[in-house]
Amino acid sequence: MHAIANSQIQHTLNSLHRKASGQGFTILKGLSKGVFRKLQPEDMKDAYIAITREQGEFVYDLLLKHQAKHIVEFGTSFGISTLYLGAAAQVTGGHVITTELLPEKCRVARENFADAGLQDFIEVREGDALETLQDVEPGIDFLLMDGWNDLYLPLMKILEPKLAPGALIYTDNASFASARPFLNYLKSKPDEYRSVRIHDNKGGSELTTYIGKG
């Protein structure tokens, strides 16, 4: 299994994972705002809601094995998942496009990328992902879905024509009801997509291979 050897990247990741591990109350505080109304992204503005170290290391290894270069992420947050993508892009000679709605999270994420020395490998697009990812170039060979689950399917409709045959799609929070329309859409196209459940903890995750149109 490939591991991140760069000590600068590891130092930044260790610091961020420590911060994320103490976020229980912050996450619950944000979620509580959705008791009497629909939860909004702004409700989680202080929460990391990040992938685990195990997930990050799995994705990093996958990217290197796949030699992924055109990497797209939905859901930057404070940038933990993006750091794993950027670390892989640094090795493969690739580039990451990631998008985040909240300006403050974008600012902190950019600081984290610079702290890890990965700012040249990561492009942060601030704003609504349905707009910021419209003009992504074709040939995506890795797509990470780790943002607001309700947007997974509409985003897929935008990005689907830009997937390269053999592209991998990693979906976080795959067991959430709000992610079901997206996953059902993939399953409705068995000639184009093959999916397998990867992790069951922290909301679950699935890995999908885009076979391509027949």
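Select Arg125 first, a residue of strand β3 (residues 122–126); strands here are DSSP runs of E with at least two residues, helices are runs of H or I with at least four, and both are numbered from the N terminus. The model is predicted, so local features need pLDDT of at least 70 and side-chain atom pairs count only at pLDDT 80 or more, while totals for chains, interfaces and linings use all residues. Residues are numbered from 1 along each chain as its sequence is written, and side-chain values use heavy atoms, with hydrogens and water left out.

Is Arg125 buried or exposed? Arg125 counts as buried because its relative accessibility is 15%; buried means under 20% relative accessible area, exposed over 50%, and partly exposed in between, with a 1.4 Å probe and protein chains only. Now display the residues that Arg125 touches, among them Ile97, Glu100, Leu133 and Asp135, leaving aside residues up to four places away in sequence. Contact means heavy atoms within 4.5 Å.

Next, select helix α7 (152–159). Its buried residues are Tyr152, Leu155, Met156, Ile158 and Leu159. Viewed down the axis of α7, these residues fall within an arc of 160°, so they line one face of the helix; the arc is that of the directions from the helix axis to the C-beta atoms. An α-helix has 3.6 residues a turn, so residues three or four places apart point the same way. The cover over the buried residues of α7 includes β1 (70–74), α6 (129–132), β4, β5, α8 and β6.

Move on to helix α8 (residues 180–187), where Phe182, Leu183, Tyr185 and Leu186 are buried. Down the axis of α8, the buried residues fall within an arc of 155°, so they too line one face of the helix. Among the elements covering them are β4 (140–145), α7, β5 (163–172), β6 and β7.

Then select β6 (residues 193–199) and β7 (residues 205–210), antiparallel strands joined by six bridges; two strands pair if DSSP finds at least two bridges between them. Which residue of β7 is the bridge partner of Ser195? The partner is Thr208. The two strands form a hairpin with five residues between them, and Lys202 in the turn has a positive phi of about 50°.
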